[in-house]
Amino acid sequence: MIITKAEAGHVYDIDRVRADFPILARPVRGRPLVYLDNSASAQKPQVVIDAESFVYETEYANINRGLYYLSERATERYEASRRTVQHFINAKHSREVIFTRNTTESINLVAASYGRRFLQPGDEIIISGLEHHSNIVPWQLLRDERGIVIKVVPVADNGEVSAEAVAALLGPRTKLVSVAHVSNVLGTILPVADIIRQAHAVGAKVLIDGAQAVMHLPVDVQELDADFYAFSSHKIYGPTGVGVLYGKEELLNAMPPYQGGGDMIHTVTFEKSTWAELPAKFEAGTPAIAQVAALATAIDYVSKLGLAAIAAHEADLLAYATQSLQEIPGLRIFGTVPHKAAVVSFALESAHPHDIAQVLDNSGVAIRAGHHCAQPLMERFDVPALARASFGLYNTRAEVDALVAAVRKVEELFGQ
């Protein structure tokens, strides 16, 4: 049994954790599954699978509409999940928590609603050079429609995005700063507290893309003073189809609806419609009812393990993987800041990342290869693509060994 010391008086029982995830017991291509694509999407513990099934089996109905028992129970569970998210990120009110489909939709909501209402031609938005496409393209669409200006914070050779580099671009026309909390490619943890403070000093609002952060780091939106914070359920061991947008209440109240339809209205006539109060104003149509309920279960699961314990476990895996991979001839790791999330992106001189991923798959090792929805970052480092191993709370040193052995096999095959 592998038990790692996580913090004083606590141990992290990795065997017990892994037993919670049924998919980890299945073989792939005749070998034990080594799942190292957690940055893309995490596997689900049995309690999350059961929570979603429970809704369908015993309490499923549409929410907020039915004056009968099942609808009342479904509505109560849905709103209880909202309160779970509120406490998890320490939002001031549950009405500041908006359920969306994913982080991408959360960012698009802000771009379409806040951006169209408050940004004028010539206003500036600042993003960083390591952003996911989901935090680039919505602002480009807004730029093309509204005539705003996008400024990009440079990425250092080690993958750092400094608060000083952000500050150098801030000015009187800066209206919004939208940056990742953690890079999905490099694992870089951005100094978001400093960035928010500096942006507020010039009167700008800040959106933080937390898709890669909430499963690794504690997030307190009030302490950060973030104006908006977005993340996805499926990356924090919850179901797909659910995202979260946190927004300060006064901003959300000032923003127009993102979509029109059922449940986001107060009154409707053919001449005019009026809007429901928060959060319903931004939740048009039937939502992912069972999946939202299971998100709360995923948050409870992670919280019970403890983010500090998870972080310590993942830091050990990151250090071990980094040291082991660096010993392979011709391998280069991208993103070498001292303090980063448990992500290792790398390239081999002898093989394309797609070839690396294919050979590793034959060994049962699942990694991601490609541009990782970050083509500008690939261009910054002058590479067509990268291979990426991203670790989660259930990964082990033995799986790191399997990764390294498979990469060595790639080098043997292609290095000749």
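Reader: Start with β6. Which residues point to one side and which to the other, and are they buried or exposed?
Author: One note before that: this is a predicted model. V97 and F99 lie on one side of β6, I98 and T100 on the other. These four are all buried, so both faces of β6 are covered, going by the cut-off of under 20% relative accessible area.

Reader: What does β6 pair with, and in which sense?
Author: β6 pairs with β12 in the antiparallel sense, over four bridges. The bridge partner of I98 in β12 is L245.

Reader: What is the strand order in the sheet with β6?
Author: The order is β6-β12-β11-β10-β9-β7-β8. That is an open sheet of seven strands with mixed pairing.

Reader: Which strands are at the edges?
Author: β6 (97-100) and β8 are the edge strands. Each of them pairs on one side only.

Reader: How many degrees are neighbouring strands turned against each other?
Author: In this sheet, 20° on average, with direction ignored.

Reader: Now β11 and β12. How many bridges join them?
Author: Five. β11 covers residues 228-232, β12 covers 243-247, and the two run antiparallel. S232 stands opposite G243 in β12.

Reader: Where is K235 found?
Author: In the loop between β11 and β12.

Reader: Buried or exposed, that lysine K235?
Author: K235 counts as buried, because its relative accessibility is 10% and the cut-off for buried is under 20%.

Reader: How far is K235 from Q43 in space?
Author: 8.3 Å, C-alpha to C-alpha. In sequence, K235 and Q43 are 192 residues apart.

Reader: Over to β7. How many of its residues are buried?
Author: Five of five, for residues 124-128. E124, I126 and S128 point one way from β7. I125 and I127 point the other way.

Reader: And which strand do five bridges join to β7?
Author: β8, residues 149-153, running parallel to β7. I127 has V152 as its bridge partner in β8.

Reader: What does the chain pass through from β7 to β8?
Author: Helix α5, residues 137-146. This β-α-β crossover is right-handed.

Reader: How many bridges does β7 have with β9?
Author: Three, in the parallel sense, with β9 spanning residues 174-180. E124 has T174 as its bridge partner in β9.

Reader: Next sheet. What is the order of the four strands there?
Author: β15-β16-β19-β18. The sheet is open and the pairing is antiparallel.

Reader: What about β16 and β19, how many bridges join them?
Author: Four bridges join β16 (343-348) to β19 (386-390), and the two run antiparallel. S345 has R388 as its bridge partner in β19.

Reader: Last topic, the surface. Which residues form a nonpolar patch?
Author: Y68, Y69 and L70. Together they have about 320 Å² of accessible area.

Reader: Where is L70 found?
Author: In helix α3, residues 69-89. L70 is partly exposed, with a relative accessible area of 32%.

Notes: Residues numbered from 1 in each chain as written. Predicted model: local features only at pLDDT ≥ 70, side-chain atom pairs only at ≥ 80, totals over all residues. Heavy atoms only, no water. Buried < 20%, exposed > 50% of the residue type's maximum accessible area, 1.4 Å probe, protein only. Pairing = 2+ DSSP bridges. Right-handed = clockwise from strand over helix to strand, strands pointing away. Patch = residues over 30% accessible without salt bridge, like charges linked within 9 Å, V, L, I, M, F, W, Y side chains within 5 Å. Areas by Shrake-Rupley, 256 points an atom, 1.4 Å probe, with all protein chains shown as cover. Salt bridge = Lys/Arg side-chain N within 4 Å of Asp/Glu carboxyl O. Axes fitted to C-alpha atoms, helices over the stretch in contact; angles between N-to-C directions.
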